[in-house]
Amino acid sequence: MNSRWLTIIGVQESGPAGLTEPARAALQAADIIFGGRRHLALIGAGTRGREWPRPFSIAPVLEVRGQETVVLASGDPFWHGTGTALAAALQPDEWISLPAPSTFSLAANRLGWPLEQATCRALHAAPLESIADHLLPGARLVLLVRDGTAVHEIARQLTDRITAELTVLERAGGPHERVSPYAEGAEYAAPVALAVQILDSDALSLAPGRAADAFAHDGQITKPMIRAMTLAALAPRGGEMLWDLGAGSGSVAVEWCRLGGHAIAVETRADRCANIADNIHGFGLAARMRVVQGDNAAVLPDLPAPDAIFAGGGFDQQLFIAIRRHAPDARLVVNAVTLETQALLTRLSAAHGGSLTRIELAHAAPLAPCAAGSRPGPSRNGACHDCRRNCCGHRPARLGHDRGSADPAVSVRPPARPHRHAGRQGRTPGLAGYPAPHRPAPDNLSARRDPGRGHPRPVGPANDHFRHGFRVRGLRAAGRGAAIAPAGAAHLRAFGARHHRLCHRLDHQGGNVTVHFIGAGPGAPDLLTLRGRDLIAASPVCLYAGSLIPEQVLSHCPAGARIVNTAPMSLDQIIAEIADAHAAGHDIARLHSGDLSVWSAMGEQLRRLDALGIPYDVTPGVPSFAAAAAALGAELTLPGLAQSVVLTRTSGRATGMPETETLEAFAASRAVLAIHLSIHVADQVQARLLPHYGPDCPLAVIWRASWPDQQIERGALRDLTALAARGAERTALILVGETLARTGADFGESRLYAGDYDRRFRPVGAAPRFPEGQE
């Protein structure tokens, strides 16, 4: 028996007339002929014909192995035809293929298109989104579709996205062939193809990093630029498999598949799995990507082996161990946002190798020339103090400068005093964007003047210190096997080894890099404590709560200090800024308004620093209630009237009040109440206090106590709502209590200074309790 028993024949609409002699001979000799109903009728298969089963399967062909068999296919059997499936199941010497021109070839010949430049796709089962990346201006597509109804469906979808010329090819290659411009509502006969010449298109970029609004998501999505760098770190290659663990929206897996790979997105939450499914459908990736709901580590044993792994959420030690067990040879990229994950990656990097990269993205703006009234003359690096441009005849700095910009100037101030650690071996070194205090500040340590506050705030480092024009934040690690290998743009790669050497050196020199939490007082800069002032002056990094700290307090910062306004920052960003400065060997002054013991959000920062092993200390400040009492000239505790002051507030959007700490509970004691953060609900405060204090109880409202624009309103509790309307809706303190109005004869005096009061320091009477000499 001849080992070649199967002939695959490409059939056109012309039927037998369009077949070659070898194809006719194979048909004549065949015992069995497989094909679709239309093909079998075209060649007159008769009783030898067998239709394909539904759903489609080549199993019936394999069952007659060894018998003379013909399989009929449209045009070229190996272009969206059955030839591929048959060849994969058979030995090469078992079959032969006799192709005919495909519908794609016929369309190119009819339209005069270069076939090698056209995109040819069969959309019988695939959605239009599967060709979204090809909907580009000037592109040509030939789309083989199911029937005339599908022609209209696809034409409507296309015209919603692009401007194009559409041509319909019906029954190409046969006696009833027709080529005509697309007409809405016309009837078209199968087999049919739609030729598309795109004139204009709002096409999505081919590069990774598509905008977030291109995906279905709930906010849990890798940011576009980070995603682009993540894809670069994953190093996708056509046909490779990716595990996207903690997928969120699956955006990284989608981008991976768009580059020719396959992916499995693992996500625990059902709603996010639904978003991933929407993205799979929306991008036409059903054949390349699927979603699995479950715990990351738990599902890994059931997944096909990956070539690369991305962990975007839920990465921990347990998951790392599971990855090493089930995918030891895969490339690994981890995006870390929380400090806990960053710390874990640091440990893993030390144990297994690889690299860590911090990424911080910022939008750059041109800088203006010297502002009017700015200080001319050279700075330490030879450039103008304020704009660092050669506008004063000095050497220009590296940072760019745009005369057309309205942005105020850049300032790097000269040193006013030596650094507190200057006596150690050498000087405290700088790292990753922070200057070495003993040297002139390099160009990447400039500070831009904030037009709203008039003091410097940091800008990014210069390109000559990093490979790209921005600093990096947020650890990411990747690797081969158990290692953690390069991820994204390695902005800090050059600093990696240096970082470890410097930290080691500081430890052995007895350095005690510290975060100084400092209460900056209620507002008046001269109410800052001497200790606080000296700590600010000795710290090359200062983080301050910009909405409440006056700029005069920042004048105590040393020259070239990195000054960061934390008002627009999240807790993670603040701690990352502190961690960077600590790693660079710099003390940090962390300024909060008033005193840190109440409503300062210091506690949550201390817990983060404890977890990172970063030392800190706390310097108290003057609280706002004390400044308000001083402005009133009032002693809040008077004998017989009140000996307690309650600092409290009402529930707010950010922080609620415990059930036991109500205004009514405190008012029942008739203690003096200092009510913070509540002026916007003065009517509610009044209603809740009236039953306990009565309408005549003295009251005062103080706005911005100790600031130059301080405002004081006095009255009784009945007047509270009217007084509140006279000032601003924030930064006000309400004081309520009998001690606010007692004067003259009604004023009770303490026994402490009474002439007949016997005390240790002023013995009185014939037999004092503390005779002289026994103090």
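**Sheet.** I began with the strand order: five strands form an open sheet, S3-S2-S4-S1-S5, with parallel pairing. I took helices (H or I, at least four residues) and strands (E, at least two) as DSSP runs, numbered from the N terminus, and I counted two strands as paired if DSSP finds at least two bridges between them. Strands S3 (49-51) and S5 (95-98) lie at the edges with a single partner strand each, so one side of each has no neighbour in the sheet. From one strand to the next I noted an average twist of 25°, with axes as lines fitted to C-alpha atoms (for helices over the stretch in contact) and angles running from 0 to 180 degrees between N-to-C directions.

**Basis.** I worked on a predicted model, in which local features need pLDDT of at least 70 and side-chain atom pairs pLDDT 80 or more, while totals for chains, interfaces and linings use all residues. Residues are numbered from 1 along each chain as its sequence is written, and side-chain values use heavy atoms, without hydrogens and water.

**S2 and S3.** I found S2 (residues 32-35) paired with S3 in the parallel sense over three bridges. Ile-33 has Gly-49 of S3 as its bridge partner.

**Helix H1.** I then saw that H1 (residues 21-29) packs on the sheet and touches S1 (6-11), S2, S4 (69-74) and S5, contact being heavy atoms within 4.5 Å. The direction of H1 makes about 125° with that of S1.

**Cysteines.** I counted zero disulfides, a disulfide being a pair of cysteine sulfur atoms within 2.5 Å. For Cys-557, the nearest cysteine sulfur is that of Cys-542, 3.9 Å away. Cys-557 is buried at 5% relative accessibility, and Cys-120 is buried with a relative accessible area of 5%; buried means under 20%, exposed over 50%, and partly exposed in between (1.4 Å probe, protein chains only).
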